[in-house]
Each structure stands twice: as C-alpha cells, then as structure tokens.
Amino acid sequence: MARKRVALRPDTTLAPAGRPEDEVYVRGLPVCCLGSLKEEVLARRGGSPDERRLLKLECGFCGREWVVTSSLDDRVLGRFVTHGGPRVAAQTGGKHPAA
Ligand SMILES: [Zn+2]
C-alpha cells in the first residue's frame with residue numbers, strides 16, 4: 001500500500017493521559033507520537049462507522065499515552081473519543097479533578 005502524507009488539522013489538541021493541564025496542539029507532539037497518531041487516524045480497519053473509537057493513543061515508540069481533548073478533524077473524531085479539558089469539566093460540574 002502506498003503511504004500517503006497526511007496533514008492533520010492544527011486545531012486538534014491532545015493531553016498526556018491523566019494530565020489534562022499539559023494539553024498541547026498536535027504540532028507540539030513529539031515526532032514519534034505524532035506519527036503514531038497519524039497511523040491510527042489512517043488505519044481504518046474495516047471502515048465501519050460503528051467501529052469502536054479509541055479512548056487514547058498509545059505511542060508505539062515511546063509508550064506515552066495521549067487523549068484527544070479537542071478536534072474539529074472528522075478523521076480524528078471518527079477514530080478517537082474526545083476527552084474535555086479542564087474547562088469542559090468545570091462547566092459540566094461533574095468530576096473533581098484528580099488530586
Ligand atoms: Zn511517542
């Protein structure tokens with residue numbers, strides 16, 4: 001299969017798992033993690049819309065885990081569950097931040 005270059009929308013943001021305050025834009029990801037993200041986004045196994053989305057990205061190179069906190073990119077949204085950042089959590093008044 002030919003490898004296509006993908007450009008992800010720059011307004012996608014991610015945060016290290018468990019550390020939403022360290023949110024970064026997709027461009028701020030380590031190169032290896034960005035590569036893992038692109039691979040996941042492109043890996044449309046089956047391509048079914050009912051396919052279960054991933055809760056987090058686990059980088060196969062460095063082992064870091066990231067959650068998608070915000071994205072307007074359909075390909076990202078179709079692949080990952082988005083986790084609201086601190087602002088969203090405050091608005092919903094739901095959970096206490098992990099101490
Ligand atoms: Zn990585």
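Which residues coordinate the zinc ion? In this predicted model, local features need pLDDT of at least 70 and side-chain atom pairs count only at pLDDT 80 or more, while totals for chains, interfaces and linings use all residues. Residues are numbered from 1 along each chain as its sequence is written, and side-chain values use heavy atoms, with hydrogens and water left out.

The zinc ion is coordinated by Cys32 (SG), Cys33 (SG), Cys59 (SG) and Cys62 (SG), at 2.3 to 2.4 Å. Donors are N, O and S atoms within 2.8 Å of the metal (3.2 Å for Na, K and Ca); water is not among the atoms, so sites may look incomplete. The site is tetrahedral, with angles of 100 to 116° among the four donor atoms; four donors count as tetrahedral if all angles lie between 85 and 135 degrees. Along the chain, the donors follow the spacing C-C-x25-C-x2-C. Distant parts of the chain are linked by cysteine 32 in helix α1 and cysteine 62 in the loop between β3 (57-58) and β4, 30 residues apart. Cysteine 32 counts as partly exposed at 25% relative accessibility, and cysteine 62 is partly exposed at 37% (buried means under 20% relative accessible area, exposed over 50%, partly exposed in between, with a 1.4 Å probe and protein chains only).

The protein chain has three helices and four strands, in the pattern β-β-α-β-β-α-α along the sequence. Helices (H or I, at least four residues) and strands (E, at least two) are DSSP runs, numbered from the N terminus. The four strands form an open sheet with the order β2-β1-β4-β3 and antiparallel pairing, where two strands pair if DSSP finds at least two bridges between them. β2 (24-25) and β3 stand at the edges with a single partner strand each, so one side of each has no neighbour in the sheet. The antiparallel pairing of β3 and β4 runs over two bridges, and leucine 57 stands opposite tryptophan 66 in β4.

Of the 99 residues of the protein chain, 24% count as buried. The largest nonpolar core has 13 residues, of which Leu14, Leu29, Leu37 and Phe80 touch the most other members. Such a core is a set of buried Ala, Val, Leu, Ile, Met, Phe, Trp, Tyr and Cys residues joined through side-chain atoms within 4.5 Å. α1 (31-42) and β4 (65-70) each supply at least two residues of this core, and the largest share, three residues, comes from α1. Beyond its neighbours within four places in sequence, leucine 14 is in contact with residues including Leu29, Leu37 and Trp66 (contact means heavy atoms within 4.5 Å).

Note on methods: Four donors count as tetrahedral if all angles lie between 85 and 135 degrees; four count as square planar and six as octahedral if opposite donors are over 155 degrees apart and all others between 65 and 115; anything else is irregular.
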